[in-house]
Amino acid sequence: MSESESSFLGEYKKSSFSPAFFFLGPEKKSAMQAIYAFARLADDIADDPSRSQEEKETELLKLRENLSACYKGRCSAPLFAAIREAAVRFNLAEDDFSLIIDGVSQDIKPFSCETFSELQAYMDRVAAAPGKLTVKVCGLSNEGE
């Protein structure tokens with residue numbers, strides 16, 4: 001377990017998102033913390049200037065493997081245990097977490113969106129996927145996808 005995974009709650013408390021979750025009940029707050037921490041961890045891996053492209057790809061692959069194990073009920077790191085609990089409680093799709101990894105993976109090497117559909121695909125990964133997870137935790141449906 002990496003230091004980032006073990007201290008995910010501490011990082012959340014430093015974030016500007018912390019006050020937004022103040023009025024949530026404990027289960028929803030915990031789920032939102034896990035979603036935020038996962039997205040932050042993935043983004044931090046992709047944006048880390050001290051890592052090579054290969055190291056970033058390896059770390060994101062490990063993150064994906066840990067996510068998969070988590071959804072199979074095999075998770076020991078606190079972050080993944082929190083994701084597992086939130087996934088069960090709020091019916092959070094593994095695919096939405098995977099899309100976050102897909103999106104930040106695009107940030108590893110320079111890229112540009114030449115068309116609106118390329119931009120939309122990128123935004124579906126880095127913005128819409130966390131939004132869909134959040135909507136489910138808040139009790140809203142994703143009807144009309």
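This is a predicted model: local features need pLDDT of at least 70, side-chain atom pairs count only at pLDDT 80 or more; totals for chains, interfaces and linings use all residues.

Guide: Setting aside neighbours within four places in sequence, isoleucine 35 is in contact with Leu92, Phe97, Leu133, Thr134 and Val137. Isoleucine 35 belongs to helix α3.

Visitor: Why is isoleucine 35 called buried?
Guide: Its relative accessible area is 4%, and buried means under 20%. Isoleucine 35 is therefore buried.

Visitor: What separates the C-alpha atoms of isoleucine 35 and leucine 79?
Guide: A distance of 9.2 Å, with the two residues 44 residues apart along the chain.

Visitor: Why are α3 and α5 called oblique to each other?
Guide: Helix α3 (residues 26-47) and helix α5 (residues 78-90) pack at about 125°, their axes 9 Å apart. Roughly perpendicular covers 65 to 115 degrees and roughly antiparallel begins over 145, so α3 and α5 count as oblique. The contact involves, among others, Ala34, Phe38 and Leu41 of α3 and Leu79, Ile83 and Phe90 of α5.

Visitor: Which classes of residue make up the contact of α3 with α5?
Guide: Eleven are nonpolar, three are charged and none is polar.

Visitor: And what makes α4 and α6 roughly antiparallel?
Guide: The axes of α4 (residues 53-71) and α6 (residues 94-105) cross at roughly 180° and come within 10 Å. Angles over 145 degrees count as roughly antiparallel, so that is the term for α4 and α6. Among the residues in contact are Leu60, Leu67 and Tyr71 of α4 and Phe97, Ile101 and Val104 of α6. By class, this contact of α4 with α6 has seven nonpolar, three polar and three charged residues.

How values were computed:
Residues are numbered from 1 along each chain as its sequence is written. Side-chain values use heavy atoms; hydrogens and water are left out. Axes are lines fitted to C-alpha atoms, for helices over the stretch in contact, and angles run from 0 to 180 degrees between N-to-C directions. Helices (H or I, at least four residues) and strands (E, at least two) are DSSP runs, numbered from the N terminus. Angles under 35 degrees count as roughly parallel, over 145 as roughly antiparallel, 65 to 115 as roughly perpendicular and the rest as oblique. Contact means heavy atoms within 4.5 Å. Ala, Val, Leu, Ile, Met, Phe, Trp, Tyr, Cys and Pro count as nonpolar, Asp, Glu, Lys and Arg as charged, and the others, Gly among them, as polar. Buried means under 20% relative accessible area, exposed over 50%, partly exposed in between (1.4 Å probe, protein chains only).
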